[in-house]
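Here is a briefing on one protein model. Please look over the sequence and the structure, then read the points by topic.

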Amino acid sequence: MSTVTEIAQELKDTKENIILIYAFNATGKTRLSVEYKNLTKNPKDGQHIGVYYNAFSEDLFVWDNDNDNGEQNIKLDIKPSTLNRLHGSITEEDVEKKLLPYRRKYNFFFNPNKDFEKGYDSITFYRNDDTATPIKISRGEERIFVWCFFLALLEVEGWADTQSAHCFIDDPVSSLDDHNIYVTAYTVFDLIEREFEKRKIIITSHHFGFLTILSDMLGKGEKASKFRNRNNSKKYKEFILEGNSDNLSLIKTKNGVFLYHLRLIQILNQAAESKEVYTYHFSLLRQVLENIASFLGVGQFSYVLEQIGITDKERVAFIVNALSHLNVYYQQVDIPVPDNLELFNEVLSRLMDKYGFLIPKD
C-alpha cells in the first residue's frame, strides 16, 4: 500500500506520456490530482507547471437561482480564480464549437464583469431565441458545458501553453448518460492526440465504458500506431487505483485489460431493451466481441461470431467494423437503419445465450 503522495510520485516518474487510471468513486482520484499538482510545482517560484480539470474546476461554477425574484434572473455564476484573466480571450462561439457534438438544447450568453481583467461574472442560459426567459439546465448539461468551457480555455495563450508539462483530467463524465460519455471520450482522445507528444496527459475516471473506449482507440483504433514506439512498445500506460485516500495501490493492468466487458454488455442490453440503439453502440459491441476473442486466444472477432451461430460472419464483421469506425459523435442523426438494428439485436442476443454473462446491477 502507498500514500497518495507516493502514488503521485510514481505517476510523475512514469516515462509514458499517456496514463489512464480507473478507480471507484471515493477512492481518492481528486485528491490524487491535487497532490500531483502540488508535487510538480516549480521549486523556484512555486508556480504550477501543468493544467488541471477536476471537481475543483467544476466547483467554480455555482447556480444563482434568484429565489427572491421568482427565478427571473437565474444564472450560473463563475467564482473568481486565476483563470478569470483568460475569459476575455474566449467567446460564446468558441464554447459553442466545443459543444457541437453534444446536441445541446439551449443557447447561452456570457455576462462580463465591468472590470475586463476579472473576466465573466456568470452565464445565462435560455431556450431557442427567448433571451428574456433565463432557464436552469440539467446537472449533466452543466457538466458538459463546464467541460467545453475548459476545452476552450486550453486554447487560450497564457495558460496551457505556458503550463505545458502535463494535463491532469479527473472524471469529466460524472452525471453524464451513455451517449454523452461516448462523445466526451472522443473529445478527450482528440486532446490526447493533439498534445501527448508535448506534455504528459493523465486521465482518471470511475466509469468503465469511458476508459474502455479510450483504451480501445489507443491500442486498436485506426490511429493506434501513433501511440507505439518503433520497437512496438506502448506510449501509454493503464492502471487501476484501489484502496482509500490513505492507503492506495496503483495496479498495472495486464495487456490493457480493465475487465470492462460486463459494464459494456450492461450498456448494450439497456440500449436494446429501451429500443434506443445508436450507431456508437456498434463500437461498444465490437469491443465486447474483441475482448471475448482475446480471452479465447484468437485474433479476429469474426471467430466469436461463428461460435455464437452467425452464419455470414464476414459480412456481419464488416458491418460492425464499418459502423464502429464512423466519426459518429459529430453526427446529429446516428440511428442505425432497420437491417443493422436487427443485426445488432441478433448478435447481442446470441452472445448472451452462448456465454450467459451475469450483468451487474446499477
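Phe109 is partly exposed, with a relative accessible area of 26%. Here buried means under 20% relative accessible area, exposed over 50%, and partly exposed in between (1.4 Å probe, protein chains only). The model is predicted: local features need pLDDT of at least 70, side-chain atom pairs count only at pLDDT 80 or more, and totals for chains, interfaces and linings use all residues. Residues are numbered from 1 along each chain as its sequence is written, and side-chain values use heavy atoms, with hydrogens and water left out.

**Phe109 and Ser122**

- Phe109 is found in strand 5. Helices (H or I, at least four residues) and strands (E, at least two) are DSSP runs, numbered from the N terminus.
- Leaving aside neighbours within four places in sequence, Phe109 is in contact with Glu92, Ser122, Ile123, Thr124, Tyr126 and Thr131. Contact means heavy atoms within 4.5 Å.
- The C-alpha atoms of Phe109 and Arg350 are separated by 49 Å, and the two residues are 241 apart along the chain.
- Ser122 lies in strand 6. Ser122 is buried, at a relative accessible area of 2%.
- Beyond its neighbours within four places in sequence, Ser122 is in contact with Lys75, Leu76, Asp77, Ile78, Phe109, Phe110 and Asn111.

**Aromatic pairs**

- How many aromatic pairs does a search of the whole structure find? The search finds 22. Rings of Phe, Tyr and Trp (its six-membered ring) pair if their centres lie within 6.5 Å; planes under 30 degrees apart count as stacked, over 60 as edge-to-face and the rest as tilted.
- Tyr36 is buried, with a relative accessible area of 2%. Phe168 is also buried, at 0% relative accessibility.
- Phe108 and Phe125 form another tilted aromatic pair, with 6.3 Å centre to centre and 45 degrees between the planes.
- Phe108 lies in strand 5 (residues 107-112) and Phe125 in strand 6 (residues 120-126), so the pair ties together parts that are 17 residues apart in sequence.
- Phe108 is buried at 3% relative accessible area, and Phe125 is buried at 0%.
- Ring pairs also link a cluster: Phe61, Trp63, Tyr106, Phe108, Phe110, Tyr120, Phe125, Phe145 and Phe149.

**A charge over a ring**

- The charged end of Lys37 sits over the ring of Tyr52, 5.8 Å from its centre. The cut-offs are NZ of Lys or CZ of Arg within 6 Å of the ring centre and within 35 degrees of the ring normal.

- Two packed helices are described by the angle between their axes and the distance between the axes. Axes are lines fitted to C-alpha atoms, for helices over the stretch in contact, and angles run from 0 to 180 degrees between N-to-C directions.
- Helix 4 (residues 92-99) and helix 5 (residues 139-154) have axes that come within 8 Å and cross at roughly 115 degrees.
- That crossing of helix 4 and helix 5 is right-handed. A crossing is left-handed if the near helix is turned anticlockwise from the far one by less than a right angle, and right-handed if clockwise.
- Helix 4 contributes Asp94, Val95, Lys98 and Leu99 to the contact, and helix 5 contributes Ile144, Phe145, Cys148, Phe149, Leu151 and Ala152.
- The axes of helix 1 (residues 4-13) and helix 2 come within 9 Å, crossing at roughly 65 degrees. This crossing is right-handed.
- The residues in contact include Val4, Ile7 and Leu11 of helix 1 and Leu32, Tyr36 and Leu39 of helix 2.

**Cysteines**

- The whole structure holds zero disulfides. A disulfide is a pair of cysteine sulfur atoms within 2.5 Å.
- Cys148 is buried at 0% relative accessible area. Cys167 is buried at 3%.

**Positive phi values**

- Phi of Asn232 is near 75 degrees, a positive value in a residue other than glycine. Asn232 sits in the loop between helix 7 (208-219) and strand 9 (236-243).
- Lys275, also a residue other than glycine, has a positive phi near 60 degrees. Its place is the loop between helix 8 (261-274) and helix 9 (280-296).
- Lys275 is exposed, at 74% relative accessibility.
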